[in-house]
Amino acid sequence: MPKLRDPLEPSDTIEILLVDDRPEYLLALEAVLAAPGYRLIKAASGDEALRYLLDHDPALVLMSDQMADLDGYETASLIKNTRRTRELPIIFLTDLKLDDSNIQKAYSHGAADCIHRSLDHSILRAKVAVFADLARKMNRLVQTEFELRVNERETRERQIAELELKGLKRARAEQKKYRDLVEGIDHGVVWTIDAETRLTSFVGPSTEKILGYSTGAWFGEADFFSKHLCEEDRYEFEAGLARIVKSKREDEFDHRFVASNGRIVWLRTGIRFSRSTEGKHVLCALSIDISQIKAAELALRRSKERSDFLAEASALLSESLDTEKSMIHFSRLSVERFCEGQIVDLIESDGKLRTVARSERTGDSSLSEFVDFQEPIRKVLRTGNPLLVPLLTEKKLAEWFPDPIALASVLRFDPRSLLIVAVPVRGRYVGTLTFISRTSRFDTSDLAMAEDLARRAGSALENASLYLQAQEAVRARDEFLSIASHELKTPLTPLKLQTQSLRRALALGTLQMPGSEKVARMLDSSDRQITRISRLIDDLLDISRISSGKMQLTFEEFRLGELFQDIIDRFEEEIKIARCTVEFQCDSKIMVCWDRFRIEQVIVNLLTNAIKYGAGASIEIHAVENDGNVVFSVRDHGIGIAEADQTRVFGRFERAVSGTHFGGLGLGLYIVTQILEAHSGTISLLSRAGEGSTFTVKLASRFSIDSKTGSAYSSPLTTRPVPAPPLAAVSAMH
Amino acid sequence: MSRLIFVIEDEKDIRDSLTEALESEGYSTICASNGREAIQMFEGGAEVPEKMPDLILLDHLMPFMNGASFLVRAKQNRHLADIPTILMSADRRMTQKAAVFGADGYLHKPLELDDLFGTIEGHRTHKNGKGNQIL
């Protein structure tokens, strides 16, 4: 196989070795062959030629056959016997006659051709050219082969390199992936420990972020991980580890870990038993931070517990119309489900705050009546703002409970957190709910729930109150119907008795003509009954007009003193029957511009009340005018009105005396109130049970339409519609 | 001897016309204008009327002491406990309530004279049968 040529060497220059021991021949030959593309190398002997060929590769050898020492044939044989030059073409140049034997001899020594020196130079050049061309082609082939080999090798080397690179990259990627996997787990900590020594052998860098401990902290201490677990979870975790080692399997635990800053971190740790490359038993673990999941679970559980509690509390609150009973049940439920102590305070009708329910969790009995948060409760009631004290301090408690016995009592109960919310009813605050915790701190979500509860309690209270009011309204209506039938039939009873007596006497033939005195008495009695019925009907019509807003006022000027005197005169008989006396004082000059008929109703009502309830004592009537205002009062010394009933008597169908009956529909003072209101006046009552009553009326001497209607003054005989009062009972105007 | 009817009624006109009607029928009457006054007439220390009433006509709605309260108090009074008592009212619901309150009869107002006399005649004896002798 020929030696590979340098691919950079120009291969088109053909090297031809000329061998002759006669210099002139060499020169001549050189001259003949000299041409571009040939490089002619001259060797003066066979020996020199062989030496040259040791390290050169000419394309052709032109050699004289006859040379001293080593002749052409011997040289050719040596060339042909050398492996490297075996293929080298040799052309003999001879002076001998070219016969078959010579040619045979030349070929037998490996010659490619044998040419006579006398041969035409052009033929020699042509022959040499053939070999040169052959050599060139050969060279190109060799070159091409070389290049092919080089290419092939380079391709292979590249492929190998690429493969190696790929493998390397893959290995690196795998490594990186693994490293990223371990180090990139930022929601969990990867750690391994020796199963026997329990010493840490590896821990991921996320330990710092999740648990606050540096990786270094893990090493050098056996059972680092389990030592930092929450006390409550440690035993179970250790037992689990032992199970894994024994079973050589894997397991998973949820447990709490105390981070370096003391924070509790919920972890879900999966642990697998494994064997290291050194043949040691190791436990490989991944602890994932599930604090958020646990927090969400806890929030969900609390939310469910709360909604259950809310639902149950709502049901309890609306279950009964007995407010106090409902509140006691609610309070008990609160301490079963929400806190350790609960107190319900409500404002009573007398405006005083009273504790209606007080509960502590079963087993506790230290929530004594001394534990009464009066000061903060009153503040909450006053402002309506809830009070949330997440952590109660002893200082705060001492501030609220200056009495040492009370303070000791509170401290014995050991409240940790406090929550007070006001109970709203129609924009007012009617009480408070106080929640006390001994174990946990109330937060804003507890506050929101407590406020929700307070609203529900408020609705329940309102419902109960509305129900009682409705019941009361029904009772008042029934009582009114009963009284109305009594009142309407009372005047009919004597009338009917009289007519029936006459009819009976007529039928029995015992009728005697009565004396004129008796007739007059009977007619007086009949008149009274008819007047009475008429007045009752007027009252009922007035109530109907007031309810429908159809009461019209007609204003006129008159002397007040005259009206009073007229009324007193008219009731002379009744006053006498009731064994009363009337003392009347009024400036006769007082002129007023009112609805005379309606004001007369007011005075008649007040006077008949005084007669009815006056217990036969004196009745004093006074009227004065001052700065355009008239004040008149009717005072009796009779049974009086208890303080608790003083507002009620001004309502419809109301009377202060229950269980007994003084006559009348119970509408008088209500009508009085309505008439005075229509005149922009007021009525007040001063009374004590058993000491009589004084009703005082105050109104402008000349009625002028109030600012609400826009008109400043009403002239005499102006009529004015009176608006219907609200359905709610009218309160007294003190 | 005419029977004595005790009329307890706050309305003077009713009281007057009732006593007039009773007297014209031959009954004697005594009166009180309410329950409290009636009880006071027969309580210890008071000068008890010489003749005990044979029957009481009792209005319900009265000041100071109504008919129902009077019935309770009368049960505790040795003079009044056994006297038949007829409750009078304009309220029809009292028809049933009268017996509950302890009344022996009921009359609806306005009174019918035939009913009144019929009811009085229907209670001619004391409840324990030891009443005044009937003529």
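Predicted model: local features only at pLDDT ≥ 70, side-chain atom pairs only at ≥ 80, totals over all residues.
Over all chains, the whole structure contains 22 aromatic pairs. One of the pairs joins A:Tyr73 to A:Phe92 in a tilted arrangement, with 4.8 Å from centre to centre and 50 degrees between the planes. A:Tyr73 belongs to helix α3 (residues 72-81) of chain A and A:Phe92 to strand β4 (residues 90-94) of chain A, so this pair ties together parts that are 19 residues apart in sequence. Both A:Tyr73 and A:Phe92 are buried.

A:Phe564 and A:Phe584 also form a tilted pair, with their centres 5.3 Å apart and an angle of 40 degrees between the planes. A:Phe584, with a relative accessible area of 24%, is partly exposed.

Elsewhere in chain A, aromatic residues gather in a group. A:Trp191, A:Tyr213, A:Trp218, A:Phe224, A:Phe225, A:Phe237, A:Phe253 and A:Phe257 make up one aromatic cluster. Rings also meet charged side chains. In chain A, the charged end of A:Arg438 sits over the ring of A:Phe413 at 4.6 Å from its centre. In chain B, the charged end of B:Arg36 sits over the ring of B:Phe64, 4.0 Å from the ring centre.

B:Phe64 leads on to the backbone. Although B:Phe64 is not a glycine, its phi is positive, at about 70 degrees. This residue is placed in the loop between β3 (55-59) and α3 (67-75) of chain B, and B:Phe64 is partly exposed, with a relative accessible area of 31%. A:Ser680 likewise is not a glycine and has a positive phi, of about 55 degrees. A:Ser680 lies in the loop between α21 (668-678) and β22 (682-687) of chain A and counts as partly exposed at 38% relative accessibility. Another backbone feature is the cis peptide bond from B:Lys109 to B:Pro110, with omega near -5 degrees. B:Pro110 is found in the loop between β5 (105-108) and α5 (113-122) of chain B.

Which residue of chain B forms a salt bridge with A:Arg504? The partner is B:Glu25, and the closest N and O atoms are 2.6 Å apart. This pair crosses between chains, running from helix α16 (residues 492-508) of chain A, which holds A:Arg504, to the loop between α1 (12-24) and β2 (28-32) of chain B, which holds B:Glu25. A:Arg504 is partly exposed, with a relative accessible area of 22%, and B:Glu25 is partly exposed at 31%.

Within chain B, B:Glu121 forms a salt bridge with B:Arg3, the closest N and O atoms lying 3.8 Å apart. Because B:Glu121 is in helix α5 of chain B and B:Arg3 in the segment before β1 (4-8) of chain B, the pair ties together parts that are 118 residues apart in sequence. B:Glu121 is partly exposed at 33% relative accessibility, whereas B:Arg3 is buried at 11%.

In chain A, the side chains of A:Lys227 and A:Glu221 meet in a salt bridge of 3.7 Å, N to O. A:Lys227 is partly exposed at 45%, and A:Glu221 is partly exposed at 30%. A network of salt bridges links A:Asp20, A:Asp21, A:Arg22, A:Asp95 and A:Arg117.

Finally, the surface has a nonpolar patch of about 280 Å², made by A:Leu321, A:Tyr467 and A:Leu468. A:Tyr467 is located in helix α15 (residues 444-489) of chain A and is partly exposed, with a relative accessible area of 39%.

Definitions and conventions: Residues numbered from 1 in each chain as written. Chains lettered and ligands numbered in written order. Heavy atoms only, no water. Patch = residues over 30% accessible without salt bridge, like charges linked within 9 Å, V, L, I, M, F, W, Y side chains within 5 Å. Areas by Shrake-Rupley, 256 points an atom, 1.4 Å probe, with all protein chains shown as cover. Salt bridge = Lys/Arg side-chain N within 4 Å of Asp/Glu carboxyl O. Helix = DSSP H or I, 4+ residues; strand = E, 2+ residues; numbered from the N terminus. Buried < 20%, exposed > 50% of the residue type's maximum accessible area, 1.4 Å probe, protein only. Phe/Tyr/Trp six-rings, centres within 6.5 Å; stacked < 30°, edge-to-face > 60°. Lys NZ or Arg CZ within 6 Å of the ring centre and 35° of its normal.
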